[in-house]
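Visitor: Please take one part of this model and go through it closely. I would like to see how that part connects to what surrounds it.

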Amino acid sequence: MAYDVLIDPGHGGKDSGAVNSASGILEKNLNLDAASSLNFYLQQRNVTTAYTRTTDVYPELNARTAQGIREGAAIFVSVHHDTADGRALVYHDDKETSIRLANKVASYMGGIPVRSMTESRFGRLYIADFTTGPSILIEVGPTRFYTRDERIARVQPAANAISDFLGK
Ligand SMILES: [Zn+2]
């Protein structure tokens, strides 16, 4: 069944992502929280969604993008956090639609930087394997404690940008 957005909470299970050694906060858990908020605000705009994971498990990276292609997702949105001192930004793959979506999300999130995935310190990002529609990776913020209100302030604008992009 086709839907609008496949939400991909980064990392999970064996892969913690960034680790805040001072507080013990793990990126993989923040990603789930942010993804859940993103889902909430997308659904409020009648955007249909699915997840690559909703628990502490690790789907292989190629399985995440393959899920989106197989299920007919219009957009692939991966939700990550940067290092403890990192900052919010949006990565896109080479598709023109991805660049447009990334720019819209970044603008709604207060003008955070937009980067090509080739500028990622990890090199080519797995979002590029979602070949059937726009594909972005949002670094929502640093891997550290932040309140529910702060999370909403970060994620709700991203949801609005995606909804507007879809015309919903
Ligand atoms: Zn990550």
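Guide: Start with a cut-off. A residue is buried if 20 or more other C-beta atoms lie within 10 Å of its own, and exposed if 12 or fewer do. Keep in mind that this is a predicted model.

The part to look at is strand β4, residues 89-92. Leu89 and Tyr91 point to one side, Val90 and His92 to the other. In a regular strand the side chains alternate between the two faces of the sheet. Here all four residues are buried, so both faces of β4 are covered.

Now the partners. Strands of a sheet pair through backbone hydrogen bonds, either parallel or antiparallel. β4 has both kinds. With strand β6, residues 135-142, it runs antiparallel, joined by four bridges. His92 stands opposite Ile136 there. With strand β5, residues 114-116, the sense is parallel, over three bridges. Val90 has Val114 as its bridge partner in β5.

β4, helix α3 (residues 96-108) and β5 form a right-handed β-α-β unit.

Step back to the sheet. It is open and has six strands, in the order β2-β1-β3-β6-β4-β5, with mixed pairing. β2 (49-51) and β5 are the edge strands, each pairing on one side only. Neighbouring strands are turned by 25 degrees against each other on average, ignoring direction.

Follow β6 to its other neighbour. Strand β3, residues 73-82, runs parallel to β6, and six bridges join them. His80 is paired with Glu139 of β6. Helix α4, residues 148-166, lies across β1 (3-9), β3 and β6. Its direction is about 165 degrees from that of β6.

Next, the core. In soluble globular proteins, nonpolar side chains tend to be buried together. The largest nonpolar core in this model holds 39 residues. Val105, Ile136 and Ile162 touch the most other members. β1, α1 (27-44), β3, β4, α3, β6 and α4 each give two or more residues to this core.

Leaving out residues up to four places away in sequence, it touches Val90, Ile136, Ile138, Ala158, Ala161 and Ile162. So what does that say about β4? Val90, one of its buried residues, is among the contacts of Val105.

In helix α2, residues 61-71, the buried residues are Arg64, Thr65 and Gly68. Seen down the helix axis, they fall within an arc of 85 degrees, so they line one face. Asn62, Ala63, Arg70 and Glu71 are exposed, on the face turned away from that buried side. The cover over the buried residues includes β1 and β3. Gly72 follows α2 and has a positive phi, near 75 degrees.

Two loop residues other than glycine also have positive phi. His11, in the loop between β1 and α1, has phi near 65 degrees. His11 counts as buried because it has 22 C-beta neighbours inside 10 Å. Asn46, in the loop between α1 and β2, also has phi near 65 degrees. Asn46 is exposed, with 10 other C-beta atoms within 10 Å.

How values were computed
Residues numbered from 1 in each chain as written. Predicted model: local features only at pLDDT ≥ 70, side-chain atom pairs only at ≥ 80, totals over all residues. Pairing = 2+ DSSP bridges. Right-handed = clockwise from strand over helix to strand, strands pointing away. Axes fitted to C-alpha atoms, helices over the stretch in contact; angles between N-to-C directions. Contact = placed C-beta atoms within 7 Å. Arc of directions from axis to C-beta. Core = buried A, V, L, I, M, F, W, Y, C linked by C-beta atoms within 7 Å.
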